[in-house]
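Here are my notes for you, written as numbered points. Keep the model open beside you and look up each residue as you read.

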Amino acid sequence: MQKNSTLNYNSRRIKLAFAIMILFLIFSIGINLVSGSVSVTLKDYIEALTGQRELSTMEYNILFKIRLPRIISAILFGAALSVSGFLLQTFFKNPISGPFVLGISSGARLFVGFVVLTNVALNLRISSLLLLFLASTAGSLLSMLLVLLFARRINNISILIVIGIMIGYIASAGTNFMIAFASEHKIASLTTWSMGSFSGVNWRMLFISTCVIVPVIFLTYIVSKPLEAYLLGENYAKSMGVNIKQFRLVLIFLSSILSAVVTGFAGPISFVGIAVPHLTRLSLKTSKPKILIPAIVLMGSSFCLISDYFARTLFAPTELNISTITSFIGAPIVIYLMVGRKRGHA
């Protein structure tokens, strides 16, 4: 009887948490729709949608060329980075694993830097958007494969994470080497991209991103059952019929693809992949992937929407890069987690 009442309580609490997350996501979308240098209220949007009035050319451009692409990119990329971080934390069984910490973002930046800083784009008959995506994906996968090679020899997760950070430094050094010989306008282009922002995302980028991110997150949800088994230990997962080696490759591939899309189109964005999965676990008090993954998508989207809102409005008209805000919020969470783990081992 007591077990049933506990299950009912947990179920109600999870439903309440999901309801709050959905409401917060709607709130985050709303404030991003109406905030900006030009005042367009929700009432104006509603009246336009119901046919009571027509949007002016300026209002139309603000909505469809600036605000909506930026809002949708924050939702998509926030979800992608958060799920990517969750997969890496599951793989390494470590709370501070993430695309930014393990050098995945730096690897993507190295390859994107090569495309931006050299004339390789002129010699290939590929669109610049597709080339950026391919370069970012290649850099992300290569960085993660290097970490995996070391993972076969090293069992200490802490050392492995340090190696990931070192790989990130090496990739950054390679990018800086190319910068030393590049022209000023190319350096400016890379610097703008490296700052991380949703402002440069257009509808074409969103179409490509959606075609990649949505199926990958759906695939991640599909593997919730083997993910849960993997979290309970490799021996248990093997007894449930999970091929550990293949499953690890799947986790790394899905994580790298998600982080690569974001890095390619919005630049490196830090701490989202580390902070959001933990905020979600703390909110739901569960480790079940089937529950966590949808919640992480909601939380990650809201996290990036709110971060983007502050980046745009805190010092308007000056705009901060998105990583400044995500780091300011995410870094204390990582410190808290590390201190908590230290106390747990004490």
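1. S82 sits in helix α3, which covers residues 57-92. Helices here are DSSP runs of H or I with at least four residues, strands are runs of E with at least two, and both are numbered from the N terminus.

2. A word on the source: this is a predicted model, in which local features need pLDDT of at least 70 and side-chain atom pairs count only at pLDDT 80 or more, while totals for chains, interfaces and linings use all residues. Residues are numbered from 1 along each chain as its sequence is written, and side-chain values use heavy atoms, with hydrogens and water left out.

3. Which residues does S82 contact, leaving aside neighbours within four places in sequence? They are V272, G273, V276, P277, I296 and G300, where contact means heavy atoms within 4.5 Å. Look also at I274: it is 192 residues from S82 in sequence, yet the two C-alpha atoms are 7.3 Å apart in space.

4. Now find S302, in helix α14 (residues 289-313). S302 has 2% relative accessibility and therefore counts as buried. Not counting residues up to four places away in sequence, S302 touches M21, F24, L25 and S28.

5. For the whole chain, 78% of the contacts between residues at least 6 apart in sequence join residues at least 24 apart. Of the 346 residues, 49% count as buried.

6. What does the secondary structure come to? The chain has 15 helices and 0 strands. Its radius of gyration is 21 Å, close to the 20 Å that the globule rule gives for 346 residues, so the chain is as compact as a globular protein of that length. That radius is taken over C-alpha atoms, and the rule is 2.2 Å times the number of residues to the power 0.38. The C-alpha trace spans about 60 × 60 × 35 Å along its principal axes.

7. Finally, the cysteines. C304 is buried, with a relative accessible area of 0%, whereas C211, at 43%, counts as partly exposed. A disulfide is a covalent bond between the sulfur atoms of two cysteines. The count in this model is 0 disulfides, taking a disulfide as a pair of cysteine sulfur atoms within 2.5 Å.

Notes
Buried means under 20% relative accessible area, exposed over 50%, partly exposed in between (1.4 Å probe, protein chains only).
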